Structure formats: structure tokens, C-alpha cells
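Colleague: Please take me through this structure, with the sequence beside us. I shall ask about individual residues and then about larger elements.

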Amino acid sequence: METTMFAYPEQYSPTAIHPFNYSPPQTLTWDIPFTTIDIPKRNSPPSLSSTLSSPPRRQPQPRRRSIGDSRRCQLLEDFRNNRLTSLELVDVQGHVVDFAKDQHGSRFIQQKLEQATNEEKDMIFAEVLPVAYNLITDVFGNYVIQKYFEFGTLDQRSTLVEQLHGHVPALSLHTYGCRVVQKAIESVPSYLQSEIINELDGYVLKSIRDQNGNHVIQKCIECVDPPLLYFIIMSFKGQVYEMATHPYGCRVIQRILEHCTAQQTDILLKEIHFHADQLIADNYGNYVVQHVLEKGRPEQKSRIIGVIKGKVVALSQHKFASNVVEKCIVHASRHERAALIDEICSSPEGSILTMTKDQFANYVIQKMLDIAEPSQRKMLIYRIRPHLAMLKKFTYAKHIVNKIERLTKSSSSGSPITSPTYF
């Protein structure tokens with residue numbers, strides 16, 4: 001037991017607190033026990049108990065950089081900071097991969113490859129090839145691979161296609177890999193295209209549903225000979241409605257309607273016509289129907305127009321279907337267009353006024369006024385003109401009011417617009 005001596009200051013002495021008590025000595029002795037605590041030093045070896053309770057942590061070791069790494073970083077840094085006045089492809093030999101993975105270095109290689117000699121391309125390619133797959137999926141390296149598909153020799157492109165073997169489905173879903181696959185498809189000969197796209201057999205629908213993969217399928221349809229696309233077309237069998245109402249699938253169907261043979265498109269068109277009622281009013285399906293009206297054969301357009309007939313007023317007021325009605329008016333035959341416009345003109349007066357004020361249907365009326373035959377245009381104006389003053393109060397009707405006023409002024413020099421004659 002150890003003792004510690006304490007001396008009170010004068011103002012806190014016991015005599016100051018208790019002046020009438022006895023006078024204690026000026027120095028008090030208190031007995032305070034001390035407990036010894038072992039605190040290990042930072043560099044002392046751990047005790048046996050601490051070793052058993054928790055294993056020692058391995059301290060991270062700093063990465064040792066070789067002289068080559070240092071030179072690599074210095075060369076790239078000098079280039080990035082404009083310390084090198086003139087740099088050529090031969091100067092980056094040994095550092096190609098580092099440049100390819102850097103934003104500025106990748107752009108440098110891309111620009112140089114466009115004008116490079118075959119010897120320079122071979123020199124760069126020798127360093128690119130061993131890490132080709134890694135560069136394909138790199139945010140900047142993928143552009144270097146694309147440049148080789150675009151400007152490389154046939155042997156270099158063929159070698160890169162070999163690097164894609166077994167990886168095409170996965171790369172098609174990759175953010176950067178899908179770009180390389182697309183560039184390969186549009187840059188290589190037909191026999192190499194076949195090697196690439198055949199790997200997608202069995203993965204077509206999965207690729208179409210993917211935000212990256214759908215672009216690969218579209219590129220196949222745009223660049224590959226239709227006979228090689230049979231497996232893509234057959235993947236749609238029984239799936240057309242689902243794909244047509246999909247944000248990516250509707251795009252692929254439109255590419256098929258543009259680029260494939262009549263025999264191939266008929267497989268899809270059968271299902272499109274079967275589901276036309278639903279597709280017309282669908283968020284994405286309406287674009288497929290519009291594409292049939294724009295690119296389809298006359299008999300295919302007539303089948304779509306037949307679905308529209310009798311429902312022009314109702315469909316014109318629908319956000320998506322109204323677009324289809326407009327396309328019907330534009331791409332219909334002269335006889336079919338007259339029938340559609342006559343359906344509006346012969347409808348109750350309240351219906352045409354409702355269309356004129358509607359946020360979607362007013363565009364249908366405007367389109368009819370633009371391309372109708374003179375006699376039918378007069379009939380439309382005759383039905384709407386008595387209500388122009390009232391229609392000026394409605395936001396969406398103002399466009400039609402202005403159009404009718406312009407048409408009326410332009411025709412004032414000729415025969416006036418009077419009540420149309422019905423036959």
C-alpha cells in the first residue's frame with residue numbers, strides 16, 4: 001500500500017471550512033490503493049492469451065512498382081499534361097495497353113490508327129491481342145478494338161473475331177462489349193458475320209429484352225443477309241405481341257419490317273394483324289402498327305385501315321391510337337382516305353366539336369384539313385366554321401381555328417365556301 005501526501009490551499013483548508021473545530025495539521029495523509037494495469041507497447045509481441053483470442057491482422061503491403069511501371073506512368077502523364085510536343089504510335093510501344101485504357105490515350109491511338117501503316121498496326125496489335133477481351137469490356141479500351149474492326153487488316157479482324165468466340169451472348173449484354181459486337185458485325189465479311197451471330201441462337205429473346213442486347217439484334221438485321229437471319233425470325237413465332245409491346249422489342253420488329261424479305265415479315269405480320277386492336281392503343285405497339293402503314297405493302301395497310309374504320313372518332317381521342325389514325329390518313333389510298341374523312345363529316349355535330357377541342361384528336365382534324373380533297377376539306381370547314389368563336393376559348397382548338405381562317409382567306413379570291421352538295 002502506498003500513500004500520497006496532499007496539501008490544501010489556504011482557502012480550502014479544513015480550518016477555513018470549520019473555524020470552531022479543532023485545528024488539523026496543515027498536511028493530510030490519505031491512504032489510496034493503486035492497481036497496476038499492464039498496457040502493452042505498440043511494438044511489443046502479443047501475449048499468448050491475445051494470440052489465442054484473435055489472430056493477428058495482416059498489415060497491407062504497399063504495391064512495389066517496377067521501373068517499367070514508373071516509366072509507363074510518366075509517359076502517360078507527360079502526354080496527358082501536354083509535355084510531349086509530338087507523339088507517334090512507335091513512341092507508345094510497350095505502353096499500348098495503358099494508353100488504350102486511358103481516356104486521352106485511347107483517343108490518341110484511335111486517331112493514329114486511321115492513318116497508320118500496316119507495320120504500325122501490327123506493332124500496336126501485338127500488345128492489344130493478349131488482353132483483347134479485357135479491352136473489349138473496358139470503358140475506353142473498347143474504342144480501340146472497334147477501330148481495329150474498322151481500319152484493321154482482314155487478318156487482324158479475323159483474329160479479333162476469334163477472340164469473340166464463346167463470348168458473343170455475354171458481350172451483347174455488356175455496356176461496352178455490345179458496341180464491339182455491333183462494330184464487328186458491320187465491319188467483317190459475311191462468313192465472319194455468320195460465325196458471330198450464330199452464337200446468338202437461343203439467346204435472341206433474352207438479348208431483345210436487354211437495353212444493350214437489343215442493339216446487337218438490330219445491327220444483325222440491318223447488316224446481315226436475310227437468309228442468315230432465319231433463327232431470329234423464328235424466335236418471334238408466338239411472341240410477336242409480347243415483343244411489339246416491349247420498349248426494345250418494338251424496335252427490333254420495325255427493323256425486321258424494313259430489312260427482311262416478304263416471306264420473313266409475313267410470319268410477324270400474321271400476329272400483328274391478329275392483335276391489331278390492342279397494338280393500336282398500346283404505348284409501344286402503336287409504333288409497330290405505324291411502321292406497317294409506312295413500310296408495308298398496300299394489302300397490309302388496308303387491313304390496318306379496316307380495323308380503324310367505324311372507330312375514328314373514339315381512337316382519335318386516344319393518346320397512342322390517335323397517332324395511328326393520322327398515319328392511316330396519310331398512307332391510305334385515295335378511296336380509303338375519303339372514307340375515313342367522310343366518317344368524321346357524317347358523324348354527329350357534337351363529335352366533330354369534341355375532336356376539335358381534344359388534346360389528341362385535334363391533330364387528326366388538322367391532318368385531314370391538310371391532305372383532304374378540296375370537296376371534303378370544304379365539308380370539314382363548313383361543319384366547324386359556325387363554332388369558331390366558341391372554339392377560340394379552347395387551347396387545343398386554337399390550332400384548327402387558325403388553320404381554317406387561313407384556308408378561308410386563301411380561298412376568298414376564288415369560290416366562297418358554301419354548304420357542300422351531297423350526292
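Colleague: Is Cys220 buried or exposed, and what is its relative accessible area?

Modeller: Buried means under 20% relative accessible area, exposed over 50% and partly exposed in between, with a 1.4 Å probe and protein chains only. Cys220 counts as buried, because its relative accessible area is 0%.

Colleague: What kind of model is this, and which atoms do the side-chain values use?

Modeller: This is a predicted model, in which local features need pLDDT of at least 70 and side-chain atom pairs count only at pLDDT 80 or more, while totals for chains, interfaces and linings use all residues. Residues are numbered from 1 along each chain as its sequence is written; with hydrogens and water left out, the side-chain values use heavy atoms.

Colleague: At roughly what angle do helix 14 and helix 17 cross?

Modeller: Helices are DSSP runs of H or I with at least four residues, strands are runs of E with at least two, and both are numbered from the N terminus. Axes are lines fitted to C-alpha atoms, for helices over the stretch in contact, and angles run from 0 to 180 degrees between N-to-C directions. The axes of helix 14 (residues 213-223) and helix 17 (residues 249-259) come within 9 Å, and they cross at roughly 5 degrees.

Colleague: Which residues of helix 17 make the contact with helix 14?

Modeller: Contact means heavy atoms within 4.5 Å. Helix 14 contributes Asn214, His215, Ile217, Gln218, Ile221 and Glu222, and the partners on helix 17 are Arg251, Val252, Arg255, Ile256 and His259.

Colleague: Which residues touch the most other members of the largest nonpolar core?

Modeller: A nonpolar core is a set of buried Ala, Val, Leu, Ile, Met, Phe, Trp, Tyr and Cys residues joined through side-chain atoms within 4.5 Å. Not counting residues up to four places away in sequence, Phe236 touches Ile208, Met243, Val252, Ile253, Ile256, Leu268 and Glu271. Of the 107 residues in the largest core, those touching the most other members are Phe236 and Ile253.

Colleague: Why is helix 8 largely enclosed, and how many of its residues are buried?

Modeller: The cover over its buried residues includes helix 5 (103-115), helix 6 (118-128) and helix 9 (154-164). Among the buried residues of helix 8 are Val144, Ile145, Tyr148 and Phe149. Helix 8 (residues 141-151) is largely enclosed by the rest of the structure because, of its eleven residues, the number buried is eight.

Colleague: How far apart in space are Asp138 and Tyr176?

Modeller: Asp138 lies in the loop between helix 7 and helix 8, and among the residues that Asp138 touches is Tyr176. The two are 38 residues apart in sequence, but their C-alpha to C-alpha distance is 6.6 Å.
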